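Please examine the sequence and the structure shown below.

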Amino acid sequence: MQASGKNAGLGLALVSACAFGGSGVAAKPLIEAGLDPLHMVWLRVAGAALVLSPLAWRHRDLVRRKPLLLAGFGLVAVAGVQAFYFASLSRIPVGVALLLEYLGPALLLGYIRFVQRKPVTRAAATGAAVAVVGLACVVEIWAGLSLDPLGVLLGLAAACCQACYFVFADQGADGDDVPDPLGVIAYGMIVGTLVMTVIARPWEIDWQVLGGQAAMGGLGGFSVPAGVLLAWVVLIATVFAYLTGVVSVRRLSPQVAGVVACLEAVIATVLAWVLLGEHLSTWQIVGGGLVLGGAFIAQSSRSGGGPAELVGSVELVGVVEPGESAEADRVRA
């Protein structure tokens with residue numbers, strides 16, 4: 001991979017993490033104003049599907065060319081992550097559920113190393129480990145050590161879905177039949193909306209909440225129209241975040257982009273500090289530094305041998321083939 005392409009991919013991954021990280025800060029005031037969390041998720045996904053529907057029509061040939069990719073992205077990368085994460089939240093502390101979800105990159109590396117029996121680069125493995133330790137500090141996991149076993153399993157299911165998000169995002173990135181990211185995301189949102197409609201029961205939404213104001217606790221306290229916050233969640237924290245995220249995966253690799261995405265938790269915590277008045281502890285600041293360090297270590301990972309092939313569902317990006325040097329540059333077509 002050329003250095004310019006990798007740098008661009010890293011920049012997009014950081015932008016995506018910032019966009020995703022802003023979702024909670026905008027959604028929490030709406031939830032505190034009376035909106036059910038699952039209804040918030042449905043509005044987020046359905047709103048994105050509506051915005052992207054013209055693109056779905058434009059790329060309707062993807063339904064014939066890549067039906068499994070579209071179904072998998074919608075079921076797993078959109079609906080699966082959201083549903084399992086919120087189900088986990090109902091049984092264990094928020095911080096612990098968030099940490100479990102962001103074990104996704106580490107699970108992806110573990111799958112490649114121990115199931116596919118392919119060596120992974122030392123930088124990718126070290127970066128993932130450092131980022132996980134940092135996340136444990138950010139969410140202060142020791143505050144919720146008495147855990148519900150089912151809640152933990154649901155959180156791990158969210159992590160598996162998150163790992164699959166990076167795999168699906170990279171699928172088909174090499175070769176002549178490359179699916180357009182906009183089309184994949186558009187159909188993913190449509191499929192996700194259908195699944196979340198069954199789970200969230202949107203016909204029970206309290207629409208009056210969206211016509212009022214939502215209180216923000218930071219910066220001395222102020223209110224924002226609920227509609228503005230919902231627009232931010234849909235347009236920036238969903239449409240823009242998914243788009244930049246998918247493109248960044250194709251320029252980096254699922255593993256590296258996954259570790260960089262751990263910055264979302266740090267960004268969300270910092271934004272909550274500034275905009276919602278949720279103060280950071282010393283351990284959270286230390287954890288944020290560790291996540292940044294882990295992302296930096298992981299993005300320095302390189303693998304050799306030219307474009308990797310996608311075997312089954314996992315592309316061997318950031319993986320060292322036997323006999324290849326971990327420091328050799330990977331060249332993407």
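Two residues are in contact when heavy atoms lie within 4.5 Å. The model is a predicted one, in which local features need pLDDT of at least 70 and side-chain atom pairs count only at pLDDT 80 or more, while totals for chains, interfaces and linings use all residues. Residues are numbered from 1 along each chain as its sequence is written, and side-chain values use heavy atoms, with hydrogens and water left out.

The protein contains 13 helices and four strands; these elements are DSSP runs numbered from the N terminus, with helices being H or I of at least four residues and strands E of at least two. Of the 333 residues, 53% are buried, where buried means under 20% relative accessible area, exposed over 50% and partly exposed in between, with a 1.4 Å probe and protein chains only. Among contacts with a separation of 6 or more, 85% join residues 24 or more positions apart. The protein exposes about 14500 Å², and carbon and sulfur atoms supply 66% of that area.

Two packed helices are described by the angle between their axes and the distance between the axes. Here the axes are lines fitted to C-alpha atoms over the stretch in contact, and angles run from 0 to 180 degrees between N-to-C directions. A crossing is left-handed if the near helix is turned anticlockwise from the far one by less than a right angle, and right-handed if clockwise.

The axes of H2 and H9 come within 7 Å and cross at roughly 145°, in a left-handed sense. On the H2 side the contact includes Trp 42, Ala 49 and Trp 57, and on the H9 side it includes Ile 185, Gly 192 and Met 196. This contact has 20 nonpolar, four polar and no charged residues. In this classification Ala, Val, Leu, Ile, Met, Phe, Trp, Tyr, Cys and Pro count as nonpolar, Asp, Glu, Lys and Arg as charged, and the others, Gly among them, as polar.

Helix H2 (residues 37-58) also packs against H10, at an angle of about 65° and with the axes 9 Å apart. The two helices are therefore roughly perpendicular to each other; angles under 35 degrees count as roughly parallel, over 145 as roughly antiparallel, 65 to 115 as roughly perpendicular and the rest as oblique. Their crossing is right-handed. Residues of H2 including Arg 44, Gly 47 and Val 51 meet residues of H10 including Leu 230, Val 234 and Thr 238. The contact of H2 with H10 divides into 11 nonpolar, two polar and one charged residue.

The remaining pair is H9 (residues 181-200) and H10 (residues 226-251), whose axes come within 10 Å and cross at roughly 130°. That angle makes H9 oblique to H10, and the crossing is right-handed.

Where does Arg 201 lie? Arg 201 is in the loop between H9 and strand E1 (213-216). At 43% relative accessibility, Arg 201 counts as partly exposed. Although Arg 201 is not a glycine, it has a positive phi of about 50°. Leaving aside neighbours within four places in sequence, Arg 201 is in contact with His 39 and Met 196.

Note on methods
Areas by Shrake-Rupley, 256 points an atom, 1.4 Å probe, with all protein chains shown as cover.
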